[in-house]
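Take a look at the chain below. Then follow the report through its core, its strands and its metal site.

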Amino acid sequence: MRKWISFPIQEGEVSRQAHCDLPAGTYERELGREGFFGPVSHMHHKHPPTGWIDWEGPLRPRAFDLTKLDSRDASPWDAPLLMHNPKMQMRFWHCHTSMSMLVRNSDGDELLFIHEGSGELFCDYGHLSIRDGDYLMIPRGTAWRLEVAEPMQILMIENTDSAYQLPDKGMLGSNAIFDPAVMDYPRINERFRAQQDDSQWQVHIKRLNQVSKVTFPFNPLDAIGWHGDNTVVRINWRDIRPLMSHRYHLPPSAHTTFVGNGFVVCTFCPRPIESDPGALKVPFYHNNDDYDEILFYHRGNFFSRDNIHAGMMTLHPCGFAHGPHPKALKKSFDNPATFTDEVAVMIDTRQAVEVDAAAFAVEEPAYVNSWQSPGKQD
Ligand SMILES: [Fe+2]
């Protein structure tokens, strides 16, 4: 890939480069198209773009405390829907007991992110042990079940319009971020063969969000072998070696882990914080005006946010700027941390998401005001 040399317009007082050496006392806002890949401008404001003092109407930044969702559903298809659009739907599933049935998703690929707990996956392709921090990509049409070792909390991100793929890593090369060799897949092993029995098993198939139940007089997970390249894939965030630049705050797209049709799934992993004196050290304010942004906070200290704890989820729809909370921004100037220990999953969707009743039930309505208090922008 080559690009012609071209120059950005510069108007008024500006920094020489984005996210670095901002004019004194100013707040930088990025206005970008196509999720950090299209035309972009950086504006230098006298006030923080999140400095609103009142907000009316349904469009707003929202936060949800998923730790308050306490339904314990035997089937993932009973887990409450949180958000959806025509390409993607998300659920949060408390899986506390081993599944007594098989399930199969005929609506799309399923991406499970194991927020808490551990257990064993049995599926058409064999057996795989799973733990917290795992992504488990289950292709559409795969029959599967979980055996619980420690009760699990699982974020389910369903890709209803395509198969999950990996991002193009461009000039970084194919081994960057994570080497494909760390992707695990289920095995036909002793444990898998031991669960093959002639008991009666049901398969709960989800199609058009309705469940049909098919009964077999044997366990359908009875393969003795398979070959091919369509299978369940597991990646743990601990195997991701995130990109960073000590002189430039990279956009979220640098942390893309999976790509769907119309949305991406990114992983923010622990990494050093920018050390260059002139470089921004917290996420820049931005209007990502072609994408709605969903963040799920898995563990650690969420360095750009106040009042957010593990198990929470935020939604920043397009239409207004978002960025760091005042306390975090002030700390990044006065006493910047040297390392971030946060782990978070971001889902950026091209089409607007609609929030479902289960998420509204655990919404923190004061979130829209959280950029004002307690310390204003001082
Ligand atoms: Fe964003």
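Which residues touch the most other members of the largest nonpolar core? They are L82, I157, V265 and M313, in a core of 38 residues. A nonpolar core is a set of buried Ala, Val, Leu, Ile, Met, Phe, Trp, Tyr and Cys residues joined through side-chain atoms within 4.5 Å. Buried means under 20% relative accessible area, exposed over 50%, and partly exposed in between, with a 1.4 Å probe and protein chains only. A second, separate core has 22 residues, including A79, W144, M152 and V232. In soluble globular proteins, nonpolar side chains tend to be buried together.

This is a predicted model: local features need pLDDT of at least 70, side-chain atom pairs count only at pLDDT 80 or more, and totals for chains, interfaces and linings use all residues. Residues are numbered from 1 along each chain as its sequence is written, and side-chain values use heavy atoms, with hydrogens and water left out.

Back to V265. Contact means heavy atoms within 4.5 Å. Neighbours within four places in sequence aside, V265 contacts L111, Y135, I157, Y164, T256, T257, F258, V345, M346 and I347.

Now the strands. Strands (E, at least two residues) and helices (H or I, at least four) are DSSP runs, numbered from the N terminus. Two strands pair if DSSP finds at least two bridges between them. Six strands form an open sheet in the order β3-β19-β18-β21-β15-β14, with antiparallel pairing. Its edge strands, β3 (62–65) and β14 (256–259), each pair on one side only. Two antiparallel strand pairs are set out here:

| Strand | Partner | Bridges | Facing residues |
|---|---|---|---|
| β15 (residues 263–268) | β21 (residues 343–349) | six | F268 and A344 |
| β9 (residues 134–138) | β13 | four | L136 and R234 |

Strand β13 spans residues 233–236. V233 and I235 point one way, R234 and N236 the other, and all are buried.

Which residues hold the iron ion's protein donors? They are H286 (NE2), E293 (OE) and H322 (NE2), at 1.7 to 2.2 Å from the ion. Donors are N, O and S atoms within 2.8 Å of the metal (3.2 Å for Na, K and Ca); water is not among the atoms, so sites may look incomplete. The spacing in sequence is H-x6-E-x28-H. E293 lies in strand β18 (residues 292–299), while H322 sits 29 residues apart from it, in the loop between β19 (312–316) and α2 (326–334). E293 counts as buried because its relative accessibility is 4%. H322 is buried too, with a relative accessible area of 4%.
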